[in-house]
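Trainee: I have a new structure to read. Please walk me through its features.

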Amino acid sequence: MINPVILEKYGAKPILFKKGEILFRERSEATHFYQVASGIVKMNNFNEEGTEFIQGMFHEGESFGEPPLFGDFKYPSNAEAVTESVLWKIPKENFLNLLKENFDLHLKFCSLLSQRLQFKAMIAKEISTNTPEHRILTLIEYFQKKSSKNANCPFFEVPFTRQQIADMTGLRVETVIRTIKALTKENKLQIINRKVFYPAEKELA
């Protein structure tokens with residue numbers, strides 16, 4: 001989202017994180033801004049039984065964990081590298097100065113945080129009221145609309161594993177596997193080489 005040239009101007013450094021490495025933990029102090037240069041990062045929580053719930057998945061060009069920087073509270077979730085990843089890391093004070101001196105970026109972050117609030121509200125509603133089929137299709141459609149890759153392609157490749165879909169929708173992975181198979185029989189999804197594809201032009205009822 002932020003040009004690396006601008007990030008470097010304000011003291012950002014590219015840091016390599018190994019797969020599975022923890023960037024920060026829930027309830028730790030928020031001291032830095034992070035933006036993905038390459039790889040994938042997830043933010044998650046665990047309940048008392050150890051079940052994981054994924055709060056978000058972040059790819060190249062995306063940032064995460066910003067609200068505590070603005071609100072002066074501790075991180076509400078963990079952040080973990082899903083794959084080997086390179087992240088731009090900039091101290092909190094430098095990041096806030098960057099926004100003060102670049103109002104256009106400040107506005108973009110307001111829009112970004114609003115979209116994330118919309119996503120949180122959508123997921124909360126899906127988990128509390130809807131069937132597994134609707135939860136999964138709503139999640140996939142949200143990320144299909146968000147994605148800028150292959151905009152003219154008739155199918156959207158779902159960038160998540162069955163386990164990750166389960167962790168984002170509050171379902172068991174067995175339920176996700178069974179539901180995806182049922183949705184393929186209804187021609188609402190396709191599976192090619194074990195990857196899940198969604199018709200890009202389809203709208204949910």
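Mentor: Start with the two domains. This is a predicted model. The centres of domain 1 and domain 2, taken over C-alpha atoms, are 26 Å apart.

Trainee: Which residues belong to domain 1 and domain 2?

Mentor: The domain assignment gives 4-102 to domain 1 and 130-199 to domain 2. Their contact takes 7 residues from domain 1 and 8 residues from domain 2.

Trainee: How do I read the area buried between domain 1 and domain 2?

Mentor: First the general idea. Interface size is often given as the accessible area lost when the parts come together. Here, about 670 Å² is buried between domain 1 and domain 2. Carbon and sulfur atoms give 58% of that area.

Trainee: Which residues in domain 1 lose the most area to domain 2?

Mentor: Look at Phe53, Ile54 and Met57. Together they make up 61% of what the domain 1 side buries. The residues on that side, where domain 1 touches domain 2, are 4 nonpolar, 1 polar and 2 charged.

Trainee: How many salt bridges and polar contacts are counted between domain 1 and domain 2?

Mentor: Again, the idea first. Side chains of opposite charge can pair when their charged atoms come close. Between domain 1 and domain 2 the count is 0 salt bridges. There is 1 residue pair in polar contact between the two domains.

Trainee: How many salt bridges does the whole structure hold?

Mentor: A search of the whole structure finds 8. Take lysine 42 and glutamate 52: their side chains meet in a salt bridge, 2.8 Å from N to O.

Trainee: Why does the pair of lysine 42 and glutamate 52 tie together parts of the chain?

Mentor: Lysine 42 sits in strand S4 (residues 41-46) and glutamate 52 in strand S5 (residues 52-58), so the pair links parts 10 residues apart in sequence.

Trainee: What does UniProt place at residues 1-116?

Mentor: Its unreviewed entry lists the feature "domain: Cyclic nucleotide-binding" there. In the model, residues 1-116 are 30% helix and 35% strand. The end C-alpha atoms of that span lie 15 Å apart.

How values were computed: Residues are numbered from 1 along each chain as its sequence is written. This is a predicted model: local features need pLDDT of at least 70, side-chain atom pairs count only at pLDDT 80 or more; totals for chains, interfaces and linings use all residues. Side-chain values use heavy atoms; hydrogens and water are left out. Domain bounds come from an automatic or database domain assignment. Contact means heavy atoms within 4.5 Å. Buried area is the accessible area (1.4 Å probe) that two parts lose on being put together, summed over both. A salt bridge is a side-chain nitrogen of Lys or Arg within 4 Å of a carboxyl oxygen of Asp or Glu. A polar contact is a pair of N or O atoms within 3.5 Å; within protein, one must be able to donate a hydrogen and the other to accept it, and residues adjacent in sequence count only if both atoms are side-chain atoms. Ala, Val, Leu, Ile, Met, Phe, Trp, Tyr, Cys and Pro count as nonpolar, Asp, Glu, Lys and Arg as charged, and the others, Gly among them, as polar. UniProt positions are given in the numbering used here, feature names are shortened, and annotations may be inferred rather than shown by experiment. Helices (H or I, at least four residues) and strands (E, at least two) are DSSP runs, numbered from the N terminus.
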